[in-house]
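The sequence and the structure are shown below.

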Amino acid sequence: MNDFLPEAAPGFDQPIAVLKHCHGRIRKQLGTLERLLSHLPEHGADEQARQAAGAVLKYFEKAAHLHHDDEEQDLIPMLRAVAQGEDAATLQALAPVILQDHKDMDALWQDLHEQLAAIADGSASTLSTTNVQRFCQRYLSHMEREESTLAPMALRLFSGEQMARLGQAMQQRRGIDAPAPSIGEAVAGLRKDYGQASLNEDDVLDDPIQQFTRWFEQALKAEVNEPNAMNVATVDADGRPSSRIVLVKQFDERGFTWYTNYDSRKAQELRANPHGALLFFWSELERQVRIEGRVENTSPEESDKYFHSRPLKSRLSAIASQQSAPIASRAALEQNYEAVAAQAGEAPPRPANWGGFRLVPERIEFWQGRRSRFHDRIVYERQQDGSWTRQRLQP
C-alpha cells in the first residue's frame with residue numbers, strides 16, 4: 001500500500017526542485033489514502049492498514065506544514081519583492097488563493113485526522129470517502145496551481161543569491177545544518193540581478209560611435225571605476241586566444257586606440273592576425289560594450305604626440321621595459337629603469353618599438369543588464385559601403 005523505496009531528493013541548493021519533490025511525496029501520500037479507502041472494507045484495520053494510516057498521519061502532521069511555511073514565509077514574500085508588471089498582478093491575485101488553500105486543507109485534515117489515528121492504533125476501521133476525496137482534490141488542484149505559476153515565476157525571477165537564501169531558510173526550518181560550500185561551489189551562487197535600465201531599439205542612435213559616446217559620457221557622470229578600461233582579445237597564428245586589460249586613449253569615427261610596446265605578446269599576435277575584440281564593462285551601470293574589427297597601427301605622428309603627452313616616469317618605463325620578455329627579478333627591472341633615467345634626460349624620444357594600435361570596428365554590441373538574465377542586446381554591423389545596420393539579439 002505504501003511505496004517504501006527511497007527516492008533521491010534534490011539538495012537545498014535547488015529549493016524549487018525541493019518544493020516539487022515535496023509535491024511528489026504529497027501525491028504518494030494521497031495515493032496511499034485513496035488505496036486505504038478500498039482496503040479497509042475488505043481487510044479492516046490490519047497491519048498493512050495501520051502502517052499506511054500511520055505514514056499518512058506522520059507526513060501531514062509535520063512535513064506538509066513545513067512545506068506550507070516555506071511558501072507563506074519565504075517563497076511568496078520573496079516573489080512579491082521582485083515581481084513587476086504582469087508577474088506582480090498575477091501574484092497579487094494568486095497569493096490570497098494559495099494562503100486560503102492552506103487554511104482549507106488544514107480544516108479538511110482535521111476531519112481525517114481522528115479517523116486515521118483510530119485506524120493506526122487499530123481501534124477503528126472507518127474512513128470517510130467524502131472527506132478523503134475532498135482532501136485529495138483540494139491538494140491536487142492546489143499543487144497544480146503552484147507548479148504552473150509560482151514555481152516557473154521563481155525560476156525566472158530569482159537570482160542565484162535569492163535561490164540560496166530560500167534554500168537556507170528551508171533547511172533551517174527543517175533543522176538541517178547546511179554544509180559549508182567550497183569556494184568553487186560558492187562561485188555558482190555569486191550572482192547579481194540587474195534592473196537599473198532597459199535598452200530599446202528606439203532608444204539608440206543610428207551611429208554606434210555616437211551611441212558609445214553617449215554611454216561613455218554617462219559612465220563618466222556616474223563615476224564608474226576606470227570607464228576607459230577595456231579588455232583587448234587577440235589570437236595568435238595557431239588560433240590560440242589571449243586577453244588583457246588596457247586603457248583606451250582615443251575613440252572616434254576611425255576606431256578605438258590604445259598604445260603599447262610593438263614587441264609585446266599582443267603586438268606579435270596582431271602582426272600574425274590583425275583582428276581583435278574589445279570589451280568595456282561598466283558594472284555600476286550594468287552595461288557592457290563588445291567591439292570587433294581589424295586592427296592597424298597608428299601613424300608615427302600620432303604615436304609621437306601621445307608619447308610626449310605622458311608623464312616623464314611613464315615614458316621612461318616604456319623605454320626601460322621590454323614588455324612580455326622574461327627578466328630575472330624586480331630588482332633587475334628597476335636597475336633597467338634607473339639606467340634609462342640617468343641617460344634619457346627630461347625629453348626622451350619615443351622608442352621605435354612603441355606606439356599605438358587602432359581597432360577599426362566592424363561590429364559593436366551594446367548590452368544592458370536586465371532582471372533574470374533576460375538582457376537587452378542591440379548590435380550594429382558595418383556594411384561594405386560604410387553604413388551601419390542594427391538589430392536586437394536574444395539574451
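## Basis of the description

A residue is called buried when its relative accessible area is under 20%, exposed when that area is over 50%, and partly exposed in between. Ser321 has a relative accessible area of 27%, so this residue is partly exposed. The model discussed here is predicted.

## Overall architecture

The protein contains 11 helices and nine strands. Its radius of gyration is 33 Å, whereas the globule rule gives 21 Å for 395 residues; the protein is therefore more spread out than a compact globule. Along the principal axes, the C-alpha atoms fill a box of roughly 105 × 50 × 35 Å.

Among contacts with a separation of 6 or more, 70% join residues 24 or more positions apart. Of the 395 residues, 42% count as buried.

## Surface and charge

In soluble globular proteins, nonpolar side chains tend to be buried together. In this model, the largest nonpolar core has 50 residues, and the members that touch the most others are Phe60, Leu116 and Leu127. Two or more residues of this core come from each of helix 1 (15–43), helix 2 (47–82), helix 3 (85–120), helix 4 (129–157) and helix 5 (160–173). Helix 2 gives the most, with 13 residues.

The surroundings of Leu127 can be given in detail. Leaving aside neighbours within four places in sequence, Leu127 is in contact with Leu33, Leu36, Leu37 and Leu40, as well as with Leu112, Gln115, Leu116, Ile119 and Val132. Another core, of 31 residues, lies apart from the largest one, and its members include Val295, Phe357, Ile364 and Trp388.

## A buried glutamine

Gln211 is placed in helix 7, which spans residues 208–221. With a relative accessibility of 1%, Gln211 counts as buried. Which residues are in contact with Gln211, leaving aside its neighbours within four places in sequence? They are Asp203, Val204, Leu205, Phe366 and Tyr380.

## Loop residues and backbone angles

Ser321 lies in the loop between helix 10 and helix 11. The C-alpha atom of Ser321 is separated by 12 Å from that of Ala341, which is 20 residues away along the chain. Ser324 is found in the loop between helix 10 (312–320) and helix 11 (330–344). Because its relative accessibility is 53%, Ser324 counts as exposed.

Most residues other than glycine have a negative phi. Ser324 has a positive phi of about 80°, although it is not a glycine. Arg373 also has a positive phi, near 60°, and is likewise a residue other than glycine. The position of Arg373 is in the loop between strand 7 (354–368) and strand 8 (376–382). Its relative accessible area is 30%, so Arg373 is partly exposed.

Methods. Residues are numbered from 1 along each chain as its sequence is written. Side-chain values use heavy atoms; hydrogens and water are left out. Helices (H or I, at least four residues) and strands (E, at least two) are DSSP runs, numbered from the N terminus. The radius of gyration is taken over C-alpha atoms; the globule rule is 2.2 Å times the number of residues to the power 0.38. Buried means under 20% relative accessible area, exposed over 50%, partly exposed in between (1.4 Å probe, protein chains only). Contact means heavy atoms within 4.5 Å. A nonpolar core is a set of buried Ala, Val, Leu, Ile, Met, Phe, Trp, Tyr and Cys residues joined through side-chain atoms within 4.5 Å.
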